[in-house]
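Good morning, and thank you for making the time.

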Amino acid sequence: METPPDQAPHRVPEIASLGLDTLVTEVSERLQSAAAVTDRMQRLLEAVVSVGAGLDLHATLQRIASAAAELVDAKYAALGVISPHADGLSDFIHVGVDDETAGAIGELPAGRGILGVLIDRPEPLRLEDIAADPRSTGFPPHHPPMKSFLGEPIRVRDEVFGNLYLTEKQSTSGAFTPEDAQVVHALAAAAGVAIENSRLYEEGLRRERWIAGASAVTTALLSTDEAQVALLVAAEQVRQLADAALGMILLPTGDGQMRVAHASGEAAEFLSGELLPAVGFAARLLAGESVYRDDMSTDPAVVLRLARNFGASMAVPMVAAGRVLGGLCVWRSRGAPPFTESEKELAQTFASQSALALRLAEGQRDQQRLAVFQDRDRIARDLHDLVIQRLFATGMMLETAARRAVVPEVQDRIGQAVDELDATIQEVRTTIYALQHDDHGNEPDTLRTRILREGSQAAAALGFKPSVTFMGPVESLVGEKTGRQLLAALREILSNTARHARASRVGVEVDATVHLDPAGHPVSGDPEALDRAGRPGVLLTVTDDGVGIPDGGRRSGLRNLTRRAETLGGDAWHEPGPYGKGTCVRWSATL
């Protein structure tokens, strides 16, 4: 019995005829692709986290290059930092090339060829073969072979900071894919944020160091009476803070020039004391203008010969209350980068703080000096009003006693005592003058202060300090030329006395009230006779109580003194000392 057609058994079709194997394969491939994308995204996130893990800029750049190479499976990676001051690269961080190979290659790339393309046109660049590109300049000797290339610019706040370079894709195709470019583009965006954070961190550290340096200079200026020591601290601080080879403090000389008062670092001993002419650099600095040079070795405006051995320079004025107190100057080594705008700003702030501290220190020292002057003035008044008056009274009493004495020997002894009192009065007057005139200030030394200094310096050789007296306004009557010769004569006489006299007492007298005859010897008499018989002159007299000059002894020193005096219309001679012993050496010159 046949089964009706509509009741025939239903036949199950074969699976292969439905194409399910193709569907399964496609689903499997899509699942694998999704897993790969997920894995790549996971690796990208891990790379972004790794890139931003630290704040040190160089370490951050190293992590960026390593992360990029790992993400796209590149054998070599590099990050070139674009120089802000010149064409090319200022730094080049590489991954995959060992130190031995890098040493054999030599200098790091400067940013030419394919690397320069990204600098000129900061856009992503993907190449299958570097050598086939007409813009390629080839590789230097010992450079490892590279074919595929992927480049991506890194931007920090819309400014191109540098470029990522990836070469030698490690896959069967050996070429970078568009997906690789997308991943590197995302990593570059995260890298820009990390680099900005690192730069802000380093900028903060740099400002902190400059503030600490300014604080150290302020402390040094306010805690010591020696401004020279504090300014040397400033020179050292500014050299270290500016990462320079040489730091200098420049001070005005008063005639439009500037002098290198203090220097620290390379060639400091050669530049200390150097004068800068009153034109150009010094004039601009004294006018309150900062002066910057990118490279002094090639700058025709540089006048200091030694400056040709250095590179970038920066000089900023130290201004307080509208007055230029000096200048800070730093020089970098040849080849070092120029100073950045941030460094210039920090140096100006440092100079302003140093100038303010210097002004405060000046006021502090002025107050201390004023207190000393007031005390010295009080002592001088007491000496003049009390001591000298009593000495005069004692001398008059002795002269009265001498007239009443009947024993000649007593009269002689009293006369000697009166002479001693006169000499003491002259020494006290000299002391009063020294107390009333500052011989340690900024004003030029007078002849009187230089003579006193010669006496003080001779004390070490003599074993005691000689007494020094003055007659008349020595500093105003004796000219510079005569003064130099007088000082030289005094120095020679004191030196000979220390070597030969074996004295226990030495007296120096400088008399600017004498008149000299044609032979250079003093004349005496009434004022009208003096005017007719002689010329105004100065007489230096040095007496000692030593052994005297032996007969037949050497006279070379006296001959030198005579020659000095004769060129000035004077003479030099010696005679026995007071009281019949020692030596009295006289030296004269016309005024």
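Thr469 has Glu509, in strand E13, as its bridge partner. Before I go further, a word on the source: this is a predicted model, in which local features need pLDDT of at least 70 and side-chain atom pairs count only at pLDDT 80 or more, while totals for chains, interfaces and linings use all residues. Residues are numbered from 1 along each chain as its sequence is written, and side-chain values use heavy atoms, with hydrogens and water left out.

Strands here are DSSP runs of E of at least two residues, and helices are runs of H or I of at least four, numbered from the N terminus. Two strands pair if DSSP finds at least two bridges between them.

Five residues separate the strands in the hairpin of E13 and E14, where Gly520 takes a positive phi near 90 degrees.

E13 is largely enclosed by the rest of the structure, because nine of its 11 residues are buried; buried means under 20% relative accessible area, exposed over 50%, and partly exposed in between, with a 1.4 Å probe and protein chains only.

**The cores**

A nonpolar core is a set of buried Ala, Val, Leu, Ile, Met, Phe, Trp, Tyr and Cys residues joined through side-chain atoms within 4.5 Å. The largest has 32 residues, of which Ile451, Val510, Leu540, Val542, Leu561 and Trp587 touch the most other members. Among the elements giving two or more residues to this core are helix H11 (447–462), strand E13 (506–516) and strand E15 (535–544). Helix H13 supplies the largest share, seven residues. A second, separate core has 29 residues, including Ala65 and Ile93.

**Aromatic rings and charges**

Rings of Phe, Tyr and Trp (its six-membered ring) pair if their centres lie within 6.5 Å; planes under 30 degrees apart count as stacked, over 60 as edge-to-face, and the rest as tilted. The whole structure holds three aromatic pairs. Phe92 and Tyr165 are stacked, because their ring centres are 6.4 Å apart and their planes lie at 25 degrees. Both Phe92 and Tyr165 are buried. The rings of Phe310 and Trp331 have centres 5.2 Å apart and planes at 55 degrees, so this pair is tilted. Phe310 belongs to strand E10 and Trp331 to strand E11, so the pair ties together parts 21 residues apart in sequence. Those two strands run antiparallel, joined by nine bridges.

A charge sits over a ring if NZ of Lys or CZ of Arg is within 6 Å of the ring centre and within 35 degrees of the ring normal. Arg448 places its charged end over the ring of Phe470, 4.4 Å from the centre.

**Confidence**

How confident is the predictor, on the pLDDT scale from 0 to 100? The protein chain averages 79, and 81% of the residues score at least 70. Strand E17 (residues 583–590) has the highest mean, 91, and helix H14 (residues 527–533) the lowest, 56. Where pLDDT is low, the predicted coordinates should not be read in detail.
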